[in-house]
Structure formats: C-alpha cells, structure tokens
Amino acid sequence: MQNYLNNLKNQQLISDNLTLILNAIIKSGVEISTLLENAGIGNQNILGSAETENVQGETQKKLDVISNEIMQKNLLNLPCVAGIASEELDEPIINNNANLNGDSFFVLFDPLDGSSNIDINAPVGTIFSVLKNYKNNAKEISEQDFLQAGNQQVMAGYLMYSSSTQLVFTLQNPNFGVNAFTLNKKTGEFLINKANFQIPQDTKEFAINASNQRFWQPQIQEYFAELLQGTQGKRQKDFNMRWLAAMVADVHRVLSRGGVFLYPQDSKMQKKGLGGKLRLMYEANPMALLIKNAGGRAINGKENILDVTPEKLHQRIPVILGSKNEIDYIQEKFA
Ligand code: AFP
C-alpha cells in the first residue's frame with residue numbers, strides 16, 4: 001500500500017496531506033477490524049447497545065461509539081485535518097491544533113455502517129468522505145463550511161469488515177478509478193486485489209428492503225412490480241434480489257458485479273420529516289463518487305446525488321445507485 005501511495009504521489013495524483021489522512025483512516029480500520037474480530041471473546045462487553053442515541057434518534061451500538069472514538073482520535077492527531085463530522089456526533093469537531101496554512105481538509109464518516117449486523121457476525125464497514133477546507137483561521141470554521149456538494153469530494157471510500165477486511169477508495173479525478181486493497185492480517189499491510197472497478201452497464205440484480213414496499217413512492221412501486229414480473233413483464237428478463245442490510249456490503253457487490261441498490265424515500269420517513277433513510281454526507285455522497293468513478297450512476301430520483309447542495313450535516317436522502325442503464329431507466333420514471 002505504501003509503495004502504491006508513493007507511486008500516486010510521484011504522479012501527483014495524491015498530495016502528502018491526503019496520504020496522511022488515508023493512512024489515519026487505514027490505521028483506524030485495522031483497529032476496528034481487530035476489535036470486531038475479537039468482540040465476542042472474553043469479558044470485553046463491547047457487543048450490544050450502548051443505551052445512548054445519536055443525533056438522529058437511533059440507538060447506538062457500543063461498537064458504533066468505540067469506532068467513532070478510534071476515527072476521531074486518529075484523524076484529529078493530524079494538523080492537516082481542519083475538522084471532522086460523523087454520523088455518531090451531534091456536532092462537527094473543529095481541530096484546534098490544525099495547521100491551516102497549507103492544504104487542509106474535513107473528514108466526514110460513518111464509523112460503523114450496518115451496525116445491526118455486528119451481533120450476527122455479518123459484514124459492516126466504515127465509510128469516509130474528504131472535503132477541502134478553505135478557511136485559514138480555525139475560529140472562523142463552522143458547520144456551514146462542511147456543507148459542500150458531493151462533486152467537491154477530493155477522496156471517498158470505505159473499509160469493509162467481512163470474510164476479509166478491504167479498503168476501497170477513489171479520488172476526485174475520475175482517471176484514478178476505484179481500487180480495492182485487502183488487509184494481510186499477518187503483516188498488517190493492505191495489498192491491491194482489484195484495480196479499476198468497472199460496473200457493467202446492464203444488470204439483472206437488485207437490492208431493496210422490500211418490507212417497506214407499501215410506504216414507497218409510486219415510481220418505485222411501479223419499478224419493483226416490473227422487476228418481479230421478470231420475463232413475463234415489460235422488462236422481459238428475470239431479476240435476482242440481494243439485501244445485506246449494510247450499505248457498504250451492498251455497494252461492494254454492485255461495484256464488483258453490477259446491480260442496482262435502492263433505499264428510496266418512503267412515507268414512514270416523510271412523516272418523521274426525514275428526506276430518506278441514508279445520510280447524504282456520510283453515506284450517499286462517498287458511495288455516489290465511487291459508483292460514478294466506476295462507470296455507474298447514483299441519483300435521488302430526479303437528480304444526481306453528487307449535485308445535491310446539502311442544507312444540513314445530518315441530512316438524509318433517497319439513494320438509487322448502480323449499473324448505468326438501470327439507473328437511467330429508473331430516472332425516467334421520475335421525469
Ligand atoms: P446503521 O449504520 O445505522 O447500522 O444503518 C445501516 C443502513 O443505514 C445502511 O447501511 C443499510 O443499507 C440500511 O441502513 C439498512 O436499513 P434497513 O434496516 O431498513 O434494511
């Protein structure tokens with residue numbers, strides 16, 4: 001991994017400071033992965049709920065809180081990190097020890113995505129998004145400075161903790177592509193295992209939590225009915241369904257072999273005044289950049305997710321992403 005990053009630096013594709021940030025994320029990922037692996041052993045008492053809620057009123061798992069602390073500690077140690085924001089923190093944290101004279105950045109993250117999977121030993125992950133800071137006085141930085149559209153992300157990616165621990169990341173420059181690295185547990189090194197993901201443009205596989213069907217918008221109801229009709233319906237092909245309940249794992253499958261992933265708006269969330277289930281800044285934006293740089297698309301219905309101007313840090317949004325032709329087809333229903 002370090003040779004790979006040095007090569008990127010030599011080609012001026014990644015700066016020293018972005019490399020430091022990526023290394024802090026990798027270090028956190030190794031710590032989180034070790035915690036997850038050993039969580040059920042001995043009397044550590046780190047599984048289950050923390051009996052606290054995050055700002056969005058969701059019960060936090062103990063490992064959500066611990067993973068957040070790990071990311072926070074490793075990132076705020078870096079003078080090039082101007083601030084962090086997390087799904088598990090009410091407010092962003094501005095780094096008072098930052099050096100804001102050179103390039104500095106905000107790191108936004110979901111420290112443990114899919115945390116309902118922890119207690120059943122199913123895949124979970126850490127999702128991250130990196131944005132530039134444009135202020136050189138820490139006292140002038142506020143939440144407003146974090147509210148940049150997804151197309152401003154300079155780096156985005158995730159770590160997935162599954163049968164192996166993998167890092168997948170991309171840079172703003174689409175020529176860099178999307179690459180995956182697997183952790184060698186013996187040496188602690190990440191080794192490249194897949195270069196340049198290319199999502200097939202067509203697909204026969206979809207991912208959606210169908211238990212919400214009766215709450216969906218009519219466009220999604222119509223689309224879903226067509227999928228279920230298979231060869232006997234308008235689509236004239238049979239589809240397969242997968243749902244892993246961790247966006248990281250579902251998106252990893254889409255990157256690896258194509259497909260479409262949907263968490264659409266539904267009337268249950270609308271009643272609570274929420275724009276969707278998934279978070280724009282911590283989940284939708286980083287995944288949308290990965291999908292776009294691998295040749296796919298990510299929309300909220302009508303618009304590209306990456307073009308959405310955020311209004312608040314914990315904003316939620318409908319997410320429909322994956323194989324390009326399938327997303328084009330769905331978007332037409334919202335026209
Ligand atoms: P957490 O990060 O709170 O565990 O939520 C995971 C998630 O936001 C996303 O990763 C999944 O795709 C989605 O929730 C699963 O939602 P359902 O439980 O409604 O299927």
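In what order do the 5 strands of the open sheet stand? The order is β12-β11-β13-β17-β15, with mixed pairing; strands are DSSP runs of E of at least two residues, numbered from the N terminus, and two strands pair if DSSP finds at least two bridges between them. Select β12 (240-241) and β15 (297-299): these stand at the edges with a single partner strand each, so one side of each has no neighbour in the sheet.

The model is predicted: local features need pLDDT of at least 70, side-chain atom pairs count only at pLDDT 80 or more, and totals for chains, interfaces and linings use all residues. Residues are numbered from 1 along each chain as its sequence is written, and side-chain values use heavy atoms, leaving out hydrogens and water.

Next, select β13 (residues 260-263) and β17 (residues 319-322), which pair in the antiparallel sense over 4 bridges. Within this pairing, Phe 261 has Leu 321 of β17 as its bridge partner.

Move to Asp 113, in strand β5 (residues 104-113). The side chain of Asp 113 reaches the backbone nitrogen of Met 247 at 3.1 Å, a polar contact (a pair of N or O atoms within 3.5 Å; within protein, one must be able to donate a hydrogen and the other to accept it, and residues adjacent in sequence count only if both atoms are side-chain atoms).

Finally, display the ligand. A backbone N or O atom of Ser 115 lies 2.7 Å from a ligand oxygen atom, and a backbone N or O atom of Met 247 also lies 2.7 Å from a ligand oxygen atom. In the side chain of Trp 243, an N or O atom is 3.1 Å from an oxygen atom of the ligand.
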